[in-house]
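Colleague: I would like to go through the labels used for this model and hear the grounds for each one.

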Amino acid sequence: MFWDVLQFNDKFDLLGVGCGPLAKADARRRADQMREELREFEDACSDDDPVKAVDALVDLVYFAFGSAAAMGVQDEAWKRCWEAVHAANMAKVREGNLRDLKQGIVKPEGWKSPNEVIAAALRNQGFRI
């Protein structure tokens, strides 16, 4: 999936020219696009339209991947970052009654942030961290 988005961003010359955060205007534009997709998702759910809801979710992921690509994140670094965040999320626990969705998912004692792994993956790719 990440590669598909890289191809799209390359086709339309949307990729960044370095390794690091986006310029404020670019970051704001991309965040606005993601918020618009969230609104479309909410509207589709309100309208009981699963087709439009899924379309909005795919577009949201597309913009998120595209934003990483525009920052200069490459596929292999993205995979390492994904795996680190996934492992950290899987180490969390549910607080309270498992059947009560209002209860939170929390970081247990000893939980480890994925940030060190993310920083290493980005440094290996040339980011200045």
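Modeller: This is a predicted model. In it, helix α4 (residues 75-90) packs against helix α5 (residues 115-124) at an angle of about 175 degrees, and the two axes are 9 Å apart.

Colleague: Why are α4 and α5 called roughly antiparallel?

Modeller: Angles over 145 degrees count as roughly antiparallel. The angle here is about 175 degrees, so α4 and α5 are roughly antiparallel to each other.

Colleague: Which residues make that contact?

Modeller: On the α4 side they are Ala77, Arg80, Cys81, Ala84 and Val85, and α5 supplies Val117, Ile118, Ala121 and Asn124. Sorted by class, the contact of α4 with α5 has seven nonpolar residues, one polar and one charged.

Colleague: What makes α1 roughly perpendicular to α3?

Modeller: Helix α1 (residues 2-11) and α3 pack at about 70 degrees, with axes 9 Å apart. The range for roughly perpendicular is 65 to 115 degrees, and therefore α1 gets that label relative to α3. The crossing of these two helices is right-handed.

Colleague: Which residues of α1 and α3 are in contact?

Modeller: From α1 there are Phe2, Asp4, Val5, Leu6, Phe8 and Asn9; from α3 there are Tyr62, Phe65, Gly66, Ala68 and Ala69. By class, that contact has eight nonpolar, two polar and one charged residues.

Colleague: How do you know that Ser67 is buried?

Modeller: Buried means under 20% relative accessible area. Ser67 has 9%, so Ser67 is buried. Its place is in helix α3 (residues 50-71). Leaving aside residues up to four places away in sequence, Ser67 touches Leu22, Arg30 and Met34.

Colleague: How many aromatic pairs does a search of the whole structure find?

Modeller: The search finds five aromatic pairs. One of them is formed by Phe2 and Trp78, at 5.0 Å centre to centre with 15 degrees between the planes.

Colleague: Is Phe2 buried or exposed?

Modeller: Phe2 has a relative accessible area of 5%, so Phe2 is buried, the cut-off being under 20%.

Colleague: Why do Phe8 and Tyr62 count as partly exposed?

Modeller: Partly exposed covers the values between buried, under 20%, and exposed, over 50%. Phe8 is at 34% relative accessibility and therefore counts as partly exposed; Tyr62, at 30%, does too.

Colleague: What does the secondary structure of the protein chain come to?

Modeller: There are five helices and two strands, in the pattern α-α-α-α-β-β-α along the sequence. Of the 129 residues in the protein chain, 22% are buried.

Conventions
Residues are numbered from 1 along each chain as its sequence is written. This is a predicted model: local features need pLDDT of at least 70, side-chain atom pairs count only at pLDDT 80 or more; totals for chains, interfaces and linings use all residues. Side-chain values use heavy atoms; hydrogens and water are left out. Axes are lines fitted to C-alpha atoms, for helices over the stretch in contact, and angles run from 0 to 180 degrees between N-to-C directions. Helices (H or I, at least four residues) and strands (E, at least two) are DSSP runs, numbered from the N terminus. Angles under 35 degrees count as roughly parallel, over 145 as roughly antiparallel, 65 to 115 as roughly perpendicular and the rest as oblique. Contact means heavy atoms within 4.5 Å. Ala, Val, Leu, Ile, Met, Phe, Trp, Tyr, Cys and Pro count as nonpolar, Asp, Glu, Lys and Arg as charged, and the others, Gly among them, as polar. Buried means under 20% relative accessible area, exposed over 50%, partly exposed in between (1.4 Å probe, protein chains only). A crossing is left-handed if the near helix is turned anticlockwise from the far one by less than a right angle, and right-handed if clockwise. Rings of Phe, Tyr and Trp (its six-membered ring) pair if their centres lie within 6.5 Å; planes under 30 degrees apart count as stacked, over 60 as edge-to-face and the rest as tilted.
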